[in-house]
Amino acid sequence: MISASIEDIITKLVANNVDSIIPTIDDEGNISYPVLEGLSIPVEMLEDAVKDNILERHIYKRMLICPIHVKVLSLPTLHCPQCKSNDIKKINLIEHITCGFIGERDRFDSGGRLVCPSCDIQITEKNSNMLGAWYTCNLCSAKFNAPLILFQCNNHQLDIAMVDIKDIFYYTVRKGLINNEYDVNEVFTTIYQILESKNISVMKMHPIKGRSGVVHTVPLYINDYRGNDIVIEYCIDNNDTNISNNNFIQVIIKLIDLQAKHMILICIPKMRDELRYMAATNNIMVIEGNNKNVIIANLLDIVNSKILQNRRG
Ligand SMILES: [Zn+2]
Ligand SMILES: [Zn+2]
Ligand SMILES: [Zn+2]
């Protein structure tokens, strides 16, 4: 069981420079997706993150699976088709053409050379025929040329017809840095689609009248009509490592005028340390960074917690 959200986990992964989630298969054939600190992510959660465009899915291996227990099957074993015993022996028959003797390969073995036990002549490719392989069961003495192939799962066995072939996937964190307004727009579109798919009432480029009477347009606005609204704004500076004071202050003034219940400001790539207090004292939550996934993951985390908080209350 895990309590962390996929957003938390991905943020951690990215922070630790881990960008793929590889499956492991234990001795019993169970597939799991371990990540950091011994934590495993359920595959349903990974699939949801794929739908949300946070993770990308790739084929890791095609494996044989027990359709009943959904476990990966290990190497098959060969059995007698009559009594199902595993105690079977492979027999190779050799015909010595010169004298006509046919027998098991073992009988021709003479200190590393093959010699006909009937006429004592050495066997060569030209004077012999390999008659193919047979199997014999040591338990019931049955002779057969096609042994039964069985796979072991838990406490039952499956033959080849019962086995399923399944694609096992690994997952990678979607790459991508935000460099310009176009990238920002893409991120907001993704966030919008994710929120909509979760039945959260969200609007793009939404006009709101501020306390000053000025109508501001915000890129994303969430309102569950219970006085619990969230404004999501951003500021970006692609020429510098920090967002310029001017740019930042303009956005802060706009947010203060709006006075939504919750305000989230995405700063790409980073806000100036000396401006942090302005955000904090005005109850503005700040997300910093320039990795699309980290920003999306962090934002969804905040939105989830605010919406859930309200649903509980
Ligand atoms: Zn099974
Ligand atoms: Zn048998
Ligand atoms: Zn011979």
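Me: Before we look at the metal, what counts as a donor here?
Reply: Donors are N, O and S atoms within 2.8 Å of the metal. Bear in mind as we go that this is a predicted model.

Me: Which protein atoms are the donors of the zinc ion (ligand 2)?
Reply: A donor has to lie within 2.8 Å of the metal. The protein donors of this zinc ion lie 2.2 to 2.4 Å from it. They are the SG atoms of C80, C83, C137 and C140.

Me: And what geometry does the site of the zinc ion (ligand 2) have?
Reply: Four donors count as tetrahedral if all angles lie between 85 and 135 degrees. Here the angles among the 4 donor atoms are 104 to 118°. For comparison, the ideal angle for four tetrahedral donors is 109.5 degrees. The site of the zinc ion (ligand 2) is therefore tetrahedral.

Me: How are the donor residues of the zinc ion (ligand 2) spaced in sequence?
Reply: The donor residues are C80, C83, C137 and C140. Written as a spacing, they read C-x2-C-x53-C-x2-C.

Me: Is C137 buried or exposed?
Reply: Buried means under 20% relative accessible area. C137 has 2% relative accessibility, so this residue counts as buried. C140, another of the zinc donors, has a relative accessible area of 28% and is partly exposed. For C137, then, the word is buried.

Me: Now for D106: buried or exposed?
Reply: D106 sits in helix α3, which covers residues 105-108. Exposed means over 50% relative accessible area. At 53% relative accessibility, D106 is therefore exposed.

Me: How many Å apart in space are D106 and M203?
Reply: In sequence, D106 and M203 are 97 residues apart. Taken from C-alpha to C-alpha, their separation in space is 81 Å.

Me: What does helix α4 reach from its first C-alpha to its last?
Reply: Helix α4 runs over residues 181-197 and has 17 residues. Its buried residues include V184, F188, I191 and L195, and the helix is followed by N199, whose phi is positive, near 60°.

Me: Which element gives the most to the lining of the largest pocket?
Reply: The largest pocket has a volume of about 250 Å³. Of its 14 lining residues, the closest to the centre are I31, Y33, P42, V43 and K166. Elements giving two or more residues to the lining are β3, α2 and β15. With 5 residues, the element that gives the most is β15.

Me: How many residues of that lining are nonpolar?
Reply: The lining of the largest pocket also holds 2 polar and 3 charged residues. The nonpolar residues number 9.

Technical notes
Residues numbered from 1 in each chain as written. Chains lettered and ligands numbered in written order. Predicted model: local features only at pLDDT ≥ 70, side-chain atom pairs only at ≥ 80, totals over all residues. Heavy atoms only, no water. Donors = N, O, S within 2.8 Å, 3.2 Å for Na, K, Ca; no water. Tetrahedral: all angles 85-135°; square planar, octahedral: opposite > 155°, others 65-115°. Buried < 20%, exposed > 50% of the residue type's maximum accessible area, 1.4 Å probe, protein only. Helix = DSSP H or I, 4+ residues; strand = E, 2+ residues; numbered from the N terminus. Expected span 1.5 Å × (residues − 1). 1 Å grid on protein atoms, 1.4 Å probe; cavity = no way out; pocket = protein on both sides within 12 Å on 5 of 7 lines; lining within 4 Å. Points joined across faces, edges and corners; volume = space filled by probe spheres on them. Nonpolar A, V, L, I, M, F, W, Y, C, P; charged D, E, K, R; others polar.
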